[in-house]
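Work through the exercises below with the sequence and the model open. Each task is followed by its solution.

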Amino acid sequence: MWNWIQKFSSPKYFYDMSAKLIPWFAIPALVIGVYGLYLGLFVAPPDYQQGESYRIIFIHVPAAWMSLFVYMVMAISAGIGLIWQIRLADVVAAASAPIGASFTFLALVTGSLWGKPMWGTYWVWDARLTSELILLFLYFGYMALQSSIEDQRQADKASGLLAIVGVVNIPIIHYSVEWWNTLHQGATVAKFDKPSMHIDMLIPLLLMALAFKLFYAAVVLVRARNEALYRDRNRRWVRELIEKI
Amino acid sequence: MNGSEFNWSEFFAMGGYAFFVWTSYGITLLVIVLNIVMPMIGRKKVISRVKRAIRREQLQQ
């Protein structure tokens, strides 16, 4: 079992296999994303309260979901790397950080652009917005530790620890709209009741969420391949591979 | 929408929220494009860095 894990998690094996995997995520991401956009922008009816402005939801909510999802992938990978010393796990964590940060940035900016016409302000220091901003800084902190510590193993340890400690922020973000008073609206999809959303709006939202997830899968593989090459730059498999390019 | 003709100017106006909606979608497009382009540049950087290292070692030998 252990040997099996060692073989399949070796950066060289990953590098060879992942190349074939990328189009299987990238192409569905594009097709589903375009279809989701079509349904969201052209087919879904306007909201009875918010008019057309609510259409920001089709990117805001998937981006916000991904900001949490990617963080969990990053923290779990970093944890696996810390505990079992599986190098590929640290590669995936490091590759996830900039993508997660970009989704978090997107959630904050689109939320701000949605808040202005609906709440009358681009920003409030309430629990949801503040905890999401802290999430962005956690990603930045991870990336700063990765790039500033020379020794790769030490860098993985320090940044991994930060990522794991930062997990406490994830439930805070999710429940912030219930625990504290806020301008931010409550959950419309991720709750135990049935979603309080019209089906014509819900379907494009879920399609966009799926497209974002597939997009992440494709991009994280591309980044992880770079990371694997860079980390093994002094090993023979990378040398042999590069000489052929 | 009036039958066969789709009203594009109404579509782009977004019920008066054009600035907020289209800025959101524009920034999203930018973030997606950057997420695709940056790792492609990153790959070129890693490859050229390793190539340089190989050449340096060959010169030293």
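**Exercise 1.** Classify A:Arg239 as buried or exposed.

*Solution.* A:Arg239 has 14% relative accessibility, so A:Arg239 counts as buried. The cut-offs: buried is under 20% relative accessible area, exposed is over 50%, and partly exposed lies in between, with a 1.4 Å probe and protein chains only.

The model is predicted: local features need pLDDT of at least 70, side-chain atom pairs count only at pLDDT 80 or more, and totals for chains, interfaces and linings use all residues. Residues are numbered from 1 along each chain as its sequence is written, chains are lettered from A and ligands numbered from 1 in the order written, and side-chain values use heavy atoms, without hydrogens and water.

**Exercise 2.** Describe the salt bridge between A:Arg236 and A:Glu240.

*Solution.* Step 1: the closest N and O atoms are 3.6 Å apart. Step 2: both residues belong to helix 9 (residues 236-244) of chain A, four residues apart, about one turn of the helix. Step 3: A:Arg236 is exposed at 67% relative accessible area, while A:Glu240 is partly exposed at 43%.

**Exercise 3.** What does the salt bridge between A:Asp156 and A:Arg231 tie together?

*Solution.* Step 1: the side chains meet at 3.0 Å, N to O. Step 2: A:Asp156 lies in helix 6 (residues 152-165) of chain A and A:Arg231 in helix 8 of chain A, so the pair ties together parts 75 residues apart in sequence. Step 3: both residues are buried. Over all chains, the structure holds eight salt bridges.

**Exercise 4.** How do helix 2 and helix 8 of chain A pack?

*Solution.* Step 1: the axes of helix 2 (residues 11-43) and helix 8 (residues 199-231) of chain A come within 7 Å and cross at roughly 155 degrees. Step 2: that makes helix 2 of chain A roughly antiparallel to helix 8 of chain A, a term for angles over 145 degrees.

How values were computed:
Axes fitted to C-alpha atoms, helices over the stretch in contact; angles between N-to-C directions. Helix = DSSP H or I, 4+ residues; strand = E, 2+ residues; numbered from the N terminus. Parallel < 35°, antiparallel > 145°, perpendicular 65-115°, else oblique. Salt bridge = Lys/Arg side-chain N within 4 Å of Asp/Glu carboxyl O.
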